[in-house]
Structure formats: C-alpha cells, structure tokens
There are 2 protein chains.
Amino acid sequence: MTNKLIIYDSTLRDGAQALGISFTVEDKLKIVNKLDNLGVDYIEAGNPGSNPKDLEFFERVLKLKLASSKIIAFGATRRANVSVEEDANIQSLLKAGTEAIAVFGKSWDFQVTDIIKTTLEENLRMIYDTIKYFKNHGKIVVYDAEHFFDGYNANPEYAMETLKVANRAGADTICLCDTKGAGLPSHIARITGLVRDEVDCAIGIHCHNDNGMAVAGSIAAVEAGAVQIQGTINGFGERCGNANLCTIIPNLQLMMNYECIPAANMEKLTPTARYVSEVANIIHDERAPFVGNCAFAHKAGMHADAVNKNTSAYEMIHPEVVGNQRNILMSEVAGRSAVMSIINMVDNTLTKDSPETKKIIERLKELEYEGYQYEGAESSFELVIRKMLGKYKTFFELKEFKVIVNEPTVNSVNSSAMIKILVDGQTEITAAEGDGPVNALDKALRKALERFYPRIAEMKLTDYKVRVLDSNFATASKVRVLIETTDGQDAWTTVGVSTDIIEASWRALVDSVEHKLMKEN
Amino acid sequence: MTNKLIIYDSTLRDGAQALGISFTVEDKLKIVNKLDNLGVDYIEAGNPGSNPKDLEFFERVLKLKLASSKIIAFGATRRANVSVEEDANIQSLLKAGTEAIAVFGKSWDFQVTDIIKTTLEENLRMIYDTIKYFKNHGKIVVYDAEHFFDGYNANPEYAMETLKVANRAGADTICLCDTKGAGLPSHIARITGLVRDEVDCAIGIHCHNDNGMAVAGSIAAVEAGAVQIQGTINGFGERCGNANLCTIIPNLQLMMNYECIPAANMEKLTPTARYVSEVANIIHDERAPFVGNCAFAHKAGMHADAVNKNTSAYEMIHPEVVGNQRNILMSEVAGRSAVMSIINMVDNTLTKDSPETKKIIERLKELEYEGYQYEGAESSFELVIRKMLGKYKTFFELKEFKVIVNEPTVNSVNSSAMIKILVDGQTEITAAEGDGPVNALDKALRKALERFYPRIAEMKLTDYKVRVLDSNFATASKVRVLIETTDGQDAWTTVGVSTDIIEASWRALVDSVEHKLMKEN
C-alpha cells in the first residue's frame, strides 16, 4: 500500500493567468525543465488551440527528454452542437501530440444555461464525446469538473451526473475544481467523500485561493480520498492565485507521510520556487510557508532563544529539508553543494574545507546581502571566484563614462554615451548613440573593445531583465539587472546590482564581456 | 441565539514581531483608532512589562475614547517559584490599567521541562495563581495556551490539565494556540471539540501560518465551537505570519453567517488593511483574498466575459462589500467586455456600438501593438480614454528634460536631472540629483510640480518593474515599465513603453502623477 499522490502543476497554464505574468516560449521551456527536475508528475503547459505561441511551445517541449514529468495539454470539451471531429480546439489538442490531455467541462447548471447557453443534456454529451474521443486515441484523460463545488451546492444531482458521465466515458482522473475559490475545507472534504462513492476512477482536486484556504481545501480533499493535487508553484494564478504546491507538497510529504515527489528532491523546493518567481519577474513572497526567507526567521527574543535551545520549539521542520535556511535575510538558496560545483569548475583541487572555499562563501554571503543573486547568473559568480583565486586576467580597465539622455530628442536620438578604457597601456576613447542609455553604453563599450578583441562582435545580448529589490523606496531602491548573452555557440547570464539602473546594467554588461573574453583567450 | 464571534486583533503585539515591522507609539495609536473604527472586540496592544515604549503607549491608549474595542494587555504567567505579588511582569500588567488581560502559559510538557525548566506541577500553579490573581482584581482574563496543539500531541492529559486549571482559576476565555503553525485544520477541529467537552468557559483560537493553513485552522476551530478568533490585519506576524483577520472576517461573516464586526463596517476592511500596510511600511499584498488589488481582477477572456454576464460566475462576493473594487484586465486574451467596463467608468452613456468606443478600441490595438499592456495598469488606460473623450484637464506640459549619468561619480552622486515644465502659463525649471537617472527624474518632476500641486507630496512610489518586450534586440529592444504608486489611501499602477528605459519610465511617471492630480481635482 503506497501513499503516492499525483502532483499536477499548472504554473504554465493557470499560473500564467495571474496579473503581471506573461511567459515567453523560452521561459516556459526553462520552467518545464525545473519542474521535471523537482519531480512533479504532470506539467499542464497550455492550450494548444489558443494561440501560435502555444503551438510552437508544444512542438519544442515534446522534444525535451523529461525524467519524471508528463506534459499535459489543456482545453475545453467540444462546443455545443459541433462534433468532436469538426471542433478546431479538439483537433488542436489532439495535434499537440501529448500523451495526456486535460479536458475541462461544466458541472454547474447555471454555467451551462447562463454562460455557455446550451442545454443540460447537450453539456453531458459534450463531456462524454470529448473524453471518449481522446480515450479512443489512446490518451490519458484528466477531466476537470469546473465549478464543481458551486455546481454541487446549486444542483447536486446534475453536478454528480456530469462526473458519472465523465467516468463512463473513460476519464482516468476526475478533478473537482473549486473555480471560484470559495470552498470551505470541511465542505470540500465531505463532497469529495460523496464523489468517491459514485465514481470508480481516481479523484483530483483543484482549488483557488479566493477565501485564503486553497491549501487547506486541497489537503482536506486528500484526507477524503483525492489522489491528484493540481496547483502552481508559489500559488501563482488568477485573482488570489491557485493552491500553492510549494506549501502543499511539504505539508503532505513531511507532516502527513504521503509521497508527492521523490524524497531526495525535496531540497529543490525553495530553489525551484525562487527560480519560477525570477522567470515570472514577480517579487518572491518572503513570508511564504517553507520557501520564503521569513519562514525560518526568528525575531522575538524569547522565540529566538528557544530555537537556539531546540529548533523544534518554534519550527515545524528543519529548513534544510526544503532547501531553505534558518534566520537569514538574504538567500543563499544555491546551497553549498551548488556553490562547490562552481568553485570546482575554476579549481578542482579545492574542497569544502579549504580556506579558499570558506573565503568565497563569506564573500558570497556579503554579495547576497548587497542584493546579488547568482542563481541563474553563474557566469558572474564564476568571475567573482576567478578574481578571488587569482585565476583571472584583466582584459580592460574603465577610466570613465558619461551618458546623456535628452527630451525632446536631438535628430531622433535620445541617448549618447562617451567611454574611455585602457587596454595594455593603450587608451581608447569613443562614443555611441543608442535607444536609451543602456543601449548607448553597451554599444560604446563594445565599439571601444573591438579594436583589441575582434571576437566581441560575435556577442549578442538576448535578454535584459530588471528587478527592484527593496520596493519601499521605489525608484531609489536597489535594482538587480540580469543580462543574457549568446555568441551563437554558448549562452550565459550575468548580474549587476546597484541603486542606479545604469550602474547595475554596466556591471552585468562588463561581466558578460569578460566572460566572452575569458572564453576566447 | 446569536452567531456573534469575538474578534481579537493582535496586530500591535504578535504582528509587530514580524520581520521588518517596528511600530512607534504614534503608529500604534493610529492603528488602535482604525481597529476600533472597524469594530474588532479586542485590541491586544503589547506587553506593558517589556519596555518603556509600551508603558507610554498604555498610558496614552487608555485616554482614547473607543467605541467598539477593548484594549487588552499581554504577558506571561508568573515566573517559577516567585509569587504573583513579587513578579514584576505581573505587577506591570496590573498597573497598565486595562479592563482585560491576556495571560500566556505553557501547555506542552516539553516547553515546561526543557525551555522554561521547571516542574509540570509548578507550571500548573503558575497558570492558576496568575489567572486567579487577575480575576481577584476584577479583570477579564483570556488565557493563551501556548503550543497547545503540539502539547496535546505530545501529552494529551497534561495539555488538557493546563486548560482545566485555567478554567478553575476563572479564565473567561481559554485560547488554544497553534504556536508553531503546524496544525492541520481537521486536527484542530477535532481537538477543539474535545476541549469544548472539558471546560465550561469560552474557547478561542490563535493560529500561525507556517503550514499555510492559519485561516482554515481558525475557521475549523469555529466550526468545532471556538468563539474567539485571534489574528492580525494582513496576517502580519513572525515567520509566515499569524491568521489573517482580513481573510477570516469576510469568510465567517459573508460566507458562513456569523457576526464578527458590525455589518455596516465590512466595507472598511480593504481601507483598513491598506492603512495598516502603509503604517507598517510593508508592501500591501495585492494577491491577498478580499483586500488585494488582484482579488477581483479578471484576465482570461472567457472569465472576463462571464463576469460581465454575471459577477457570481467567478466571484465569491461583490468587491464593494469589503471596500474593494473589480479590476478587469486587458490582455491578448481579454475580450471587448473588459474594455467596456473601463470605458463606462469614464462615460457610462457609451455602448459597444458607439463610434467613440470603436475609436478607443482601435487606439487600444495600436497601443498594444506598440507594446503597451494595460493589464494591471488600468490607470494608464483610463487616462488614454479620458484624453480621447475630452474628459481630461491638462495639469502641466513638459518643455524639456536632460539627464546625465557619470562614472566615476561626482561627489558620490551619479545622476542628475534638469526639468522644465509649464503650468497655467508659468514656467518652472528645476533640477534634482538621484540614485540613478529614473530616480533623479522622478524627484525633479515632483519638485517642479509641488509648487502648483502640494498634494503631490503624498505620493510614494512603491514598485517599479521593467520588462523587455523583444529580447532579440536586448538593450535596444522595447521596454515596458510599470510603476505602482500609493498615497496612503489608494494604490494605482501606470505603464510606459519605449525603446529607452528613461522614456518608458517617464511616461509611467507622468501617468502616475496625472492620476493623482485628477483624483484630487
């Protein structure tokens, strides 16, 4: 008898419906790899019929070799009075080529008659036909019973009938959705128990957090017999978000003895949560259970003392178990083993106990305290290590730069940068115009360097991200700039931090250029 | 038979133990007034024995004329082997002069023997003596059974005995504390039910959010018979916070038919939550249930359409009930109905078929093609509509700005901005220095405007986000800047797009300032 539960991640689909989140295809592919690495069972990745961006994504994602996760495409039941063969969305779902498909349909009579405006009978046929069609094509089918709990409250017979139809059509899992996020956990548990007596397939749960109880609702459903939990990393999602898998997984696995992900992967939870926040460009919630910086921070004198006497006095679990740390303001989520692997890239004779390693870790803590974060910007961290270990050659020295921005523009150019650098005793002074100050500075620096290092011309900046670190001071707060660069062969990411966006961009630019020069020399 | 529950706010005591929160005496007095205005029953306001700041506070707070709330002082049971008369903290609690006192004591045998290092018998006497003493002095006494649920798991007989002792000593309420925040709601409900059978006074519940279920745990306790709920505004508190009263109150009162606060005060919930965030200088959580900006925001086309057909399709309650408002988000998937609701905010005579509507939608498409995205930045979109419909007054005109960034810095300032604006025929030219060009420009603009519009000084920028739109051109690609602003009362978000980050920031800044000016004039 196993306690294995099925973790179904919808960060890339329902999560992407959150305010302020918009993933590129590249972002989605990176997150798929992280989720696979964490060991979730399903990755719900979008609706292939909705737009060309999603179609491209499905073509590319199915070429990835995933170790643990199945990609699942998501779409509605067929439209009313249209056959599955003629329904373009159904055909797109099939064409996406995934092994598994999630079909959502209506379980609330009001939604059938008043929102999609069809008959209750036709809605049952829509559910049956769609599931049956995909089962005939050999797919694993998850049926998402949208608004199930509201539907059950309004018309329990009809709501239950939609599930029985899905069950008869061969759905592998029937997922009960609390779409409005109003479900009281005790109510969810009771209804889930009733459903368990009516259908003979697996039961899933999909909660939203409008009442602040999505995690509790999901867990109540598991207590009542649900075996698949749908949610998102960091609880990203519409309105108040979806059930937060970063809270649900450790609760179920560490406190309640279920198996959600492989035990060895549990320490990847905090790094994964942070990574997804970073890619989504959403400030990570530091008060989040398990994966926030505050989760194991102790302030009250009495509590801090008690924790020093015995950590179980005020902590549910050891923070290391979920890849987090006790009592730290700045994160060091990479973990010492990740840090060692970069140190060993530069010098493979160093061990955890080498004095150099200790110095590097001290320096890392200082830099993280300043706002640097090297997760995803290992090239910058490698440069820090090289400089500390004397394994770095100086390629150029900045003497001065000046950037000027004009409004209104002068001859439609608004920014110009002057730069003066020193290379092997020779001074180069040059200038460039650009669209904005960072672009002008980037062009001026590369122009100055090309005379000495012609392969700089191969570099192309592919992404530029800015994150404000302390929002209480808004435009005067620290910013962290991440720059992604490629030279056609490799891609690398560098980071810069400053209260000034130009200075932060400059630092990331310099690291990017230095990485390229180091690589070629 | 009344369903009245007792709301016990601990924002000023347990909430103040959160990382990054430190209230002055003035802050605390302001928050007391807001909480009284909201109508909570108890305001736990600190430990008068802990420091002189708290002593001063108690002197001043008892002079306030409160309409609904009782101030309650908080402190430990007497120390081991010291009489209540000789215990300085007990005497400070008495001297504070409040009508009600919360006494916390140990219910977990491990905490007694290993943390405070006394005998189990002496701990029972400490509880009894302290409560009895305050009852003899005519106080209302709430007994906080710290770590009760962990204690019950470890040694149910002893944990229950501590409560029986408190009951015998005359405690008016016995509050069960889930101090570590690990309590599973179903477990809390079961144990609360057992306690209800053992004591004959009122039962309270005090949850922490380390497992992400503090709200659900509190509500589960109420379902099992608890009548007093302890929590904090916005869930502020140590580690992952306390049970969030802004989530609990509407759940209990609007969804479950209990009475927590006077019905007429419910609409003060969102303003109170924002006010407390503001005073605590913590960024308000916009994803928070009921009181966040996202709580009633709709992005996906289908959902936005459904909400326009009938708000109950995707909303638990009407946002106005809790003093919040609906946000319909623009996005590639949002339908025309989302746009209509903003158009109708400006002019409610326009319909889908009005020629003005068609022009606005054309303009929206152009702007979206340029890279604007109004999802989450409705204030900017409202300005576009107002300008198109002639419902906008020009507050100022930009004549010129120039921003200069220097490296190395000059007297440790790296950026300066000169600005010239025209207001009602008068020219104002001024300059400011800043940390980075955007900060310098922001300061210069507001400095120039303050002479004409003094209320500009109330504005505070709370977030600044940058997104690159077309990564293939990196630093020369278009950037979208989102700026969040608050004036203490409201929060709004504006957007600017340009290939130049300064220009994009400028546009978002101008919209933010115009929104504020429009609001005040």
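View 1. The model is predicted: local features need pLDDT of at least 70, side-chain atom pairs count only at pLDDT 80 or more, and totals for chains, interfaces and linings use all residues. Residues are numbered from 1 along each chain as its sequence is written, with chains lettered from A in the order in which they are written.

**View 2. The interface of chains A and B.** Here 82 residues of chain A are in contact with 86 residues of chain B (contact: C-beta atoms, placed from the backbone, within 7 Å). Strand E11 (residues 397-410) of chain B gives the largest share of the chain B side, nine residues. Helices (H or I, at least four residues) and strands (E, at least two) are DSSP runs, numbered from the N terminus.

View 3. Strand E9 (residues 397-410) of chain A pairs with E11(B) in the antiparallel sense, over seven bridges. Pairing requires at least two DSSP bridges between the strands. A:Val405 has B:Val403 in E11(B) as its bridge partner.

**View 4. Helices H1 and H11 of chain A.** The axes of H1 (residues 25-38) and H11 (residues 269-280) of chain A come within 11 Å and cross at roughly 175 degrees. H1(A) is therefore roughly antiparallel to H11(A) (angles over 145 degrees, between N-to-C directions on a scale from 0 to 180, with axes fitted to C-alpha atoms over the stretch in contact). From H1(A), A:Asp27, A:Lys30, A:Ile31, A:Lys34 and A:Leu38 meet A:Thr272, A:Tyr275, A:Val276 and A:Val279 of H11(A).

Notes:
Two residues are in contact if their C-beta atoms, placed from the backbone, lie within 7 Å. Angles under 35 degrees count as roughly parallel, over 145 as roughly antiparallel, 65 to 115 as roughly perpendicular and the rest as oblique.
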